[in-house]
Amino acid sequence: MNAKENLSPTVRAEAPVAGPEQKEIWGSDAIAAVLRALDIPFLALNPGASYRGLHDSMLCLHEESAVAIAQGYAKASDRMMGAVVHSNVGLMHASMAIFNAWCDRVPMLVLGATGPWDAAKRRPWIDWIHTASDQAALVRNYTKWDNQPASVLAAYEAILRAAQIANTAPRGPTYINLDAGLQEAKIGVLPPLPDAKRYRAPDPVLPAEHLVEAAAKLLAGAKHPVILAGRVSRSESCWKQRVALAEKLHARVFTDIKVGAAFPTDHPLHAAPPATFLSPEAASLLREADVVLSFDWVDLAGALKAAWGADPVGAKVIQISPDAHLHRGWSMDYQGLPAVDVYMMCEPDAVVPLLLDAVKPRPGAVAAKPAPLPDAMPDVVSIRTLADTLNAATKDMEVCITRLPLGWNGAYRHFRHPLDYIGSEGGGGVGAGPGITVGAALALKDSGRLPVAIMGDGDFLMGATALWTAAHYGIPCLILVANNRSFFNDELHQERVAKERSRPVENRWIGQRISGPDIDIAMMARAQGAEGIGPVAKASELKPAIEKGIQAARNGAVCVVDVRVAPGYDTNMGGSGASQKR
Ligand SMILES: Cc1ncc(C[n+]2csc(CCOP(=O)(O)OP(=O)(O)O)c2C)c(N)n1
Ligand SMILES: [Mg+2]
């Protein structure tokens with residue numbers, strides 16, 4: 001396939017040698033043609049013999065990063081990208097990243113392959129181990145649809161359908177398994193291509209008028225309305241409408257660090273720093289609400305439970321979410337079942353303009369209290385110091401935060417634009433950070449907005465080879481590794497267990513610390529053609545290191561700064577202090 005034509009001209013492409021004019025058309029040529037017709041901007045791939053007829057995309061060193069790159073791209077652009085993974089074994093590598101994309105409701109076309117389904121065509125040994133009955137069963141529980149087409153015409157339809165389903169809200173990955181026998185078959189003439197425009201995803205569903213009226217009525221009678229701003233698009237105009245609605249209603253707004261920025265965090269109506277779990281302070285603010293308006297909040301039932309505990313929820317609840325369309329039996333990522341009073345099974349961005357028209361302005365005097373933030377520890381490099389230094393260095397710069405570490409406190413940095421922050425990996429899969437960052441950086445390339453990730457060392461180490469793809473294709477980004485030389489989150493788990501069992505807490509590090517030898521993270525970056533800075537262990541060295549990193553990324557480099565941070569979380573990740581960890 002000549003996917004080079006798909007590579008944006010600004011990405012350093014691998015120039016193919018022009019071959020003789022092609023007389024033969026192969027199955028994979030037809031598949032490439034339909035992918036081009038769909039206008040999929042990029043395909044990230046890890047090669048394999050199972051689709052040796054379908055190569056030449058964006059090369060990745062691991063299937064997990066191919067999928068994470070596609071996820072990051074969609075998170076930063078709201079546009080679907082493709083990922084190509086080798087037959088069963090590649091799909092196995094890809095599976096965690098597909099799960100992350102599923103939980104994150106990110107559209108993605110995943111193409112895989114099988115050895116020839118026709119056993120008579122299989123090469124000895126290898127084609128047999130690459131062929132599995134119902135291979136897609138590996139990922140069926142966290143993909144929206146899958147198919148194994150048996151002919152070129154069936155492949156056309158399967159790819160069109162997969163793209164349409166993936167792009168229909170609630171969005172998610174779909175999987176097409178391409179038979180190596182089909183890809184490598186001579187097919188004579190190319191069957192006429194369908195008109196891809198006629199197979200687009202539908203326009204957003206709008207709510208029935210009476211539901212908008214019912215919501216407006218509840219909001220008109222509210223004394224303390226609250227908006228839970230959850231999964232929304234990266235659109236700037238939708239962002240502005242959301243702000244206008246909150247201002248018209250004088251509603252307190254909560255945001256969630258698990259998903260992309262949804263509301264300016266320094267707005268007087270923004271109630272509490274975005275967090276993974278509601279902090280006790282945020283929960284008690286939510287408890288003051290008499291009407292809760294949920295914009296596809298990831299865990300509405302959990303938020304209500306955090307606020308009201310075992311008591312009956314003291315607010316009327318308006319739920320705007322299409323999410324239940326993909327709730328099924330295997331994964332419980334659908335969260336608890338909230339009791340709601342008005343339910344619009346639509347995307348919030350489609351409903352906000354209708355609500356904006358329907359609601360009456362509500363006078364009110366809700367002013368959010370600035371969140372108290374503990375003082376930074378002097379002379380110690382902590383995630384807090386890292387945040388403060390980054391904030392100072394990027395004061396007048398457009399930055400997209402593509403990743404945050406678990407110890408991040410949502411009060412460390414404000415988000416004022418939908419692209420200031422794209423949210424987490426969705427499924428809790430550590431190792432997604434580097435790939436998501438590279439994918440987001442690909443989407444943001446030449447936009448003037450600098451992609452910056454702050455990620456744990458564990459996260460970096462599990463996905464580090466995604467950097468090579470960025471270096472190879474010239475996709476600039478800056479990664480600041482908050483390196484506590486530990487899977488520290490699990491030290492906290494160990495600590496809790498030790499306390500429960502009256503055992504020495506001092507042993508919590510055993511089996512969690514990544515030291516002796518220390519890993520040279522900057523060298524890992526350099527080994528892949530990126531720039532590597534550090535280790536930076538002193539607070540005084542941090543500012544120049546970050547400034548150098550920013551400059552390098554602005555000059556087009558992929559740059560990694562190894563920042564040795566003291567182990568410790570200054571975070572409201574825990575709904576009850578530090579006790580709720582992943
Ligand atoms: C694939 C995967 N393996 C293991 C875990 C369990 N886990 C959750 S957080 C964490 C530690 C991550 O380490 P790091 O990124 O360095 O962050 P830190 O906790 O040190 O701040 C681990 C291992 C996970 N969520 N995903
Ligand atoms: Mg760590």
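Predicted model: local features only at pLDDT ≥ 70, side-chain atom pairs only at ≥ 80, totals over all residues.
A polar contact here is a pair of N or O atoms within 3.5 Å.

At Gly-428, a backbone N or O atom lies 2.8 Å from a nitrogen atom of ligand 1. At Asp-459, a backbone N or O atom is 3.0 Å from an oxygen atom of the ligand.

## The shell around the ligand

How many residues surround ligand 1? There are 17, and the closest are Gly-428, Asp-457, Gly-458, Asn-489 and Tyr-569. By residue class, the shell divides into 7 nonpolar, 7 polar and 3 charged residues.

Which helix gives the most to this shell? That is α14, with 4 residues. Both α14 (457-463) and α16 (488-500) supply at least two residues each.

## Two helix pairs

Now for some helix packing. Two packed helices are described by the angle between their axes and the distance between the axes. Take helix α2 (residues 63-77) and helix α13 (residues 433-444) to begin with: their axes come within 6 Å and cross at roughly 45°. The two helices are therefore oblique to each other, and α2 passes α13 in a right-handed crossing.

The other pair is helix α7 (residues 209-220) with helix α11 (residues 348-358). These pack at an angle of about 55°, their axes lying 9 Å apart. That angle makes α7 oblique to α11. The crossing of α7 and α11 is right-handed.

## Backbone details to check by eye

A cis peptide bond links Gly-516 to Pro-517, with omega of about 5°. Where does Pro-517 sit? Its place is in the loop between α16 and α17 (521-526); α16 is also one of the helices that supply residues to the ligand shell.

Gly-534 and Pro-535 are likewise joined by a cis peptide bond, here with omega of about 10°. Pro-535 belongs to strand β15 (residues 531-536).

Finally, turn to Arg-105. This residue has a positive phi of about 55° although it is not a glycine. You will find Arg-105 in the loop between α3 (88-103) and β4 (108-114).

Conventions:
Residues numbered from 1 in each chain as written. Chains lettered and ligands numbered in written order. Heavy atoms only, no water. Near = heavy atom within 4 Å. Polar contact = N/O pair within 3.5 Å; in protein donor to acceptor, adjacent residues only side chain to side chain. Nonpolar A, V, L, I, M, F, W, Y, C, P; charged D, E, K, R; others polar. Axes fitted to C-alpha atoms, helices over the stretch in contact; angles between N-to-C directions. Parallel < 35°, antiparallel > 145°, perpendicular 65-115°, else oblique. Left-handed = near helix turned anticlockwise from the far one by under 90°.
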